[in-house]
Amino acid sequence: MGNKTDEFIEKNRDLYIKWLLDFCEIPSVAAQNRGMTEAVAYLEDLFQTAFSLEPEKLQTEGFPVVFAELKGKSDKTLSFYNHYDVQPEDPVELWQTPAFEPDIRDGKIYARGVADNKGNLIARLAAVHAIQQVGEELPVNIKYIFEGEEEIGSLNLPKFAKEYAEKIHSDGCVWEFGYRDADGTLQVSLGVKGMLYVELKSSGANTDLHSAQAAIIESPVWKLVWALNTLKDKDEKILIPGFYDDIEPITELDDQMLSHYQLDEAALLNKLELDGFVLGLNGHELKHKHIFEPTCNICGIVSGYTGEGTKTVLPSEATAKIDFRLVPGQDPEKILQQLREHLDANGFEDISILVTSSEMAARTKPDEAIVDAMISVAKQYSDKEPNIVPNTPGTGPMYELCQALGIPSASFGVGNFESNNHAPNENINIDDYIEGIKMVAALIFEFSKKFETEGSVR
């Protein structure tokens, strides 16, 4: 299978590149409701072109999920979760070429969404197309689940997953993302952190005031700053009572995996032009904090006047956006309750909390068939051992779509160390993209073999 399919992919690389370029021309920005209908239409046309198949548009309260199933010769099913929405292109002035006018230069494709997540989405369609074009029968059933709200928090996916649990069931799911380290080593990721994203708001007078009134009128900005200072200390410890209580203990196998996980500290610091990491950490302690520990991060603070020159003003309100990255065992609903109780106990009862995103953490056991298959394929296509990431520090709706339904999931993909997700000049390497198509094709057969030799999902 591999050689024949790989040869077809190589001969048709221009076709598969065109599929991706055409898709990246569509500004499918869910946050702004731009290009979403066009993106769905493009996927419908591509399924027709590639498989003579009309996908289903499964309706949600937001943008639809594009779903398709292709039958294989066994009763086992491999699913692919991806998303067709992308981040806004701002700041546009920092792009070397327009974000939605894909550009090829120096062996890379530059476009908004090319790495997150359209490159992986198209690669996974192209792989099955190539298998069928060389006359091979799919060894397992294939399901495609493409949502349109990942970049705005997958607000409707939990309800969707419950409503369509039987329809989307599989024996293993290939998750949406995947990257290579700075030295080209392929990452295989087994999970994601969870998330609680909130906006804290402090209010004062019913209007902004002359700053001379600061002598007698309480400042909502200072109140918010004081509240924020109670959340975390200088040693990076989160001070909300009970915050750490439910974290699942790190197993011996987890610790072994962490010892093999590669984090190129020098390359990362060099890329970011920094002298060091928080608390001066390095080595095993740094990796442990990066992968296994939760965070409390201030994403932004807004209040008052920040324009050119001076304006002596006492603002009437202040807001801060905060994300808590959570690890397995932590429930975002419980963390929210603990946050509220903590603020109240410290005299900040009048600071309001608005929840904008909430996700459970998810992690797949390393001995699952989907993980074995990914590692086997990664070794086939590289002379380097893959970098096994116990869970990525990022967040996605993996738990709702997979672990909550008993579906093991893992990921690898076509991104690179400098893909610039969510940033200007987002990119992927063309060679990584083409090899990614080949690896997905190989994975489908390798996944099938795991059940032939072992008989069932472990």
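At the start of helix H7 (residues 220-229), a side-chain oxygen of Ser219 comes within 3.2 Å of the backbone nitrogen of Val221. Helices (DSSP runs of H or I, at least four residues) and strands (E, at least two) are numbered from the N terminus. The model is predicted: local features need pLDDT of at least 70, side-chain atom pairs count only at pLDDT 80 or more, and totals for chains, interfaces and linings use all residues. Residues are numbered from 1 along each chain as its sequence is written, and side-chain values use heavy atoms, leaving out hydrogens and water.

The buried residues of H7 are Pro220, Lys223, Leu224, Ala227 and Leu228. They lie on the same side of H7, because they cover an arc of only 135 degrees around the axis, taken from the directions from the helix axis to the C-beta atoms. The face turned away from this buried side carries the exposed residues Trp222 and Asn229. Buried denotes under 20% relative accessible area and exposed over 50%, with partly exposed in between (1.4 Å probe, protein chains only).

The elements below are among those covering the buried residues of H7, where contact means heavy atoms within 4.5 Å.

| Element | Residues |
|---|---|
| Strand S9 | 191-203 |
| Strand S11 | 297-303 |
| Strand S13 | 317-326 |
| Helix H11 | 332-345 |

Elsewhere, six strands form an open sheet of mixed pairing, in the order S1-S2-S6-S3-S7-S18; strands pair if DSSP finds at least two bridges between them. Its edge strands, each pairing on one side only, are S1 (56-58) and S18 (409-410). Strands S2 (residues 65-70) and S6 (residues 141-147) run antiparallel and are joined by five bridges. The bridge partner of Phe67 in S6 is Ile145.

Note on methods
Polar contact = N/O pair within 3.5 Å; in protein donor to acceptor, adjacent residues only side chain to side chain.
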